[in-house]
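This briefing is for a reader new to the structure. It starts with strand pairing, then turns to the chain as a whole and to one helix.

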Amino acid sequence: MADTVREIERKYEAGKDTGAARLPDLSGAAAVATVTDEGVRELDAVYYDTADLRLAAAGITLRRRTGGPDEGWHLKLPVAAPAVPGARDEIRAPLTVSAIPRSLMALVRSRTRDVPLVPLMRIASRREVRQLLAADGTPLAEASTDTVTATRLTGDEPDGKATAHWTEIEIELAEGADPALLDALDPLLRAAGLRPSKAPSKLARALRETGLGKPPRRPAAGLPAKARAGDHVLAFLRGQVEAVVALDPGARLGTEDAVHQMRVATRRLRGSFRSHAKVLDRRVTDPLAEELKWLAAELGVDRDREVLAERLRERLDELPRALVRGPVRARLRGWSAAGRRGSRKRLSGVLDSARYLTLLDRLDALLADPPLRDAAAGPPRAVLAKAMLRDYGRLAGRVEHALATAPGHDRDTALHDARKAAKRARYAAEAATPALGKGAKRFALQMKSVQSLLGDHQDSVMARGALRAIAAEAEGAGEPTFTFGVLYGREERRAEQDERELPGLWERVTDRVSALPPR
């Protein structure tokens with residue numbers, strides 16, 4: 001079994017005129033009351049990657065390490081938008097086998113695809129360990145001085161040397177410790193002639209110093225100088241493809257919101273393909289859009305039920321106790337749990353499937369050789385503004401159709417279609433924001449307000465369907481169904497309120513959008 005820990009650390013090396021890196025006395029700094037000597041550890045790690053360094057390019061390291069209290073297989077993944085610089089998630093597996101554990105291989109499959117992982121570098125460290133303790137003996141951090149020897153394991157002979165040697169200082173926070181401690185220790189370390197390491201990891205430094213060089217970077221989501229419309233669209237698409245790939249491990253691990261954000265990225269890709277049909281040839285993008293639709297549906301199975309379960313729990317909490325009859329909460333928990341049974345295994349099966357991995361390859365191929373049309377060479381402000389306005393016109397038609405439809409199933413369907421159009425218009429505005437600036441950003445906010453109202457309405461429609469199903473199960477078990485009827489009625493009134501609010505909201509949105517300079 002693998003387990004995950006959040007690692008927060010900083011590495012230091014000697015300055016140019018300092019000589020060997022030495023750890024200064026840190027006792028009395030900030031919350032540090034005492035520093036204890038924990039002796040010397042001999043660590044020996046073999047690092048794995050693809051021959052073209054795909055993991056290193058993404059800031060990921062995979063190693064098998066012996067020695068020390070945490071010996072085993074370690075996979076370190078970057079943390080998306082970390083609150084604390086230097087934070088990484090480390091997934092650990094025991095040294096039960098010499099081959100890479102399948103659980104860890106799965107977590108990097110979105111990067112490696114079918115390319116094998118090979119032993120790349122051996123890094124041996126003689127680690128002198130100090131524990132930084134609070135006054136009550138609580139561990140705050142581990143400060144270590146590492147004397148490192150890195151040996152290249154590849155069979156080729158690039159420019160450089162086969163081995164490299166250096167000394168570095170590493171400060172790693174204890175679990176639950178305040179990250180502010182790292183900032184408090186930094187002046188003392190700098191005063192001792194140390195400076196933050198230029199390399200984010202031992203492997204990165206080893207690659208550089210043994211001649212393997214820097215790993216190739218994935219194409220950046222940024223824009224070239226004098227960017228044309230096609231450059232803007234491709235930059236947006238690259239960002240979404242990278243999001244899908246980067247969120248894959250979190251989706252497998254059950255990281256909070258990872259599945260939802262991965263699904264949003266697939267929707268942004270689909271929306272952009274259709275919004276920018278004048279830029280990218282739909283004969284190429286339409287088949288990809290269908291595959292993205294499939295992936296979004298697979299990702300949404302658990303997410304939709306989670307959202308509904310949370311909504312129903314909140315609605316139940318709002319009810320007076322006198323209106324709660326029978327084991328309603330237990331029935332809701334059972335319904336929610338039934339949807340989760342086997343869900344992680346099912347999702348892993350989707351993410352391990354040839355269909356999904358082929359989709360990732362096809363998306364990479366699209367970005368490498370995009371099927372550009374004439375508009376791609378056009379001025380970005382004009383081309384992207386037209387795409388926004390086309391999507392807005394599409395949304396306007398759907399909102400007007402929904403408002404003209406009699407209440408009931410047909411109106412519910414029409415409002416759901418309008419919601420999808422609002423998302424597409426919002427995504428078009430997000431893609432256009434680098435070119436159009438604040439106008440596109442304000443446009444996106446207006447589309448989000450429509451999307452939110454219509455999303456609440458659709459959630460109410462889905463909640464009523466779920467309540468009918470749950471009530472039928474309760475009735476079959478001989479349980480009271482009164483409370484489910486009350487919840488159903490409240491959801492009906494919520495949907496009616498959304499429908500009453502829509503005309504006023506749409507009028508305000510129309511006024512504000514018409515006031516925006518699109519070009």
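Strand β1 (residues 3-14) pairs with strand β8 (residues 163-173) in the antiparallel sense, over four bridges. Two strands count as paired if DSSP finds at least two bridges between them. Helices (H or I, at least four residues) and strands (E, at least two) are DSSP runs, numbered from the N terminus. The model is predicted: local features need pLDDT of at least 70, side-chain atom pairs count only at pLDDT 80 or more, and totals for chains, interfaces and linings use all residues. Residues are numbered from 1 along each chain as its sequence is written, and side-chain values use heavy atoms, with hydrogens and water left out.

**Pairing around β8**
- R10 has I171 in β8 as its bridge partner.
- β8 also pairs with strand β7 (residues 139-152), in the antiparallel sense and over eleven bridges.
- Here A150 has A164 in β8 as its bridge partner.

**Pairing around β4**
- Strand β3 (residues 61-66) and β4 are antiparallel and share five bridges, and T61 stands opposite K76 in β4.
- The hairpin of β3 and β4 has five residues between the strands, and G67 takes a positive phi near 95° there.
- β4 and strand β5 (residues 87-93) pair in the antiparallel sense over six bridges, with L75 opposite I91 in β5.
- Strand β4 (residues 72-78) is largely enclosed by the rest of the structure, because six of its seven residues are buried.
- Buried means under 20% relative accessible area, exposed over 50%, and partly exposed in between (1.4 Å probe, protein chains only).

**The chain as a whole**
- The chain has 15 helices and nine strands.
- Its C-alpha atoms fill a box of roughly 80 × 65 × 45 Å, taken along the principal axes.
- Of the 519 residues in the chain, 47% are buried.
- Among contacts (heavy atoms within 4.5 Å) between residues at least 6 apart in sequence, 74% join residues at least 24 apart.

**Helix α12**
- Helix α12 (residues 380-404) has 25 residues and reaches 36 Å from its first C-alpha to its last, close to the 36 Å expected at 1.5 Å a residue.
- The expected span is 1.5 Å times one less than the number of residues.
- Buried residues of α12 include P380, L384, M388, Y392, L395 and V399.
- Among the elements that cover the buried residues of α12 are α6 (229-253), α7 (258-275) and α13 (409-436).
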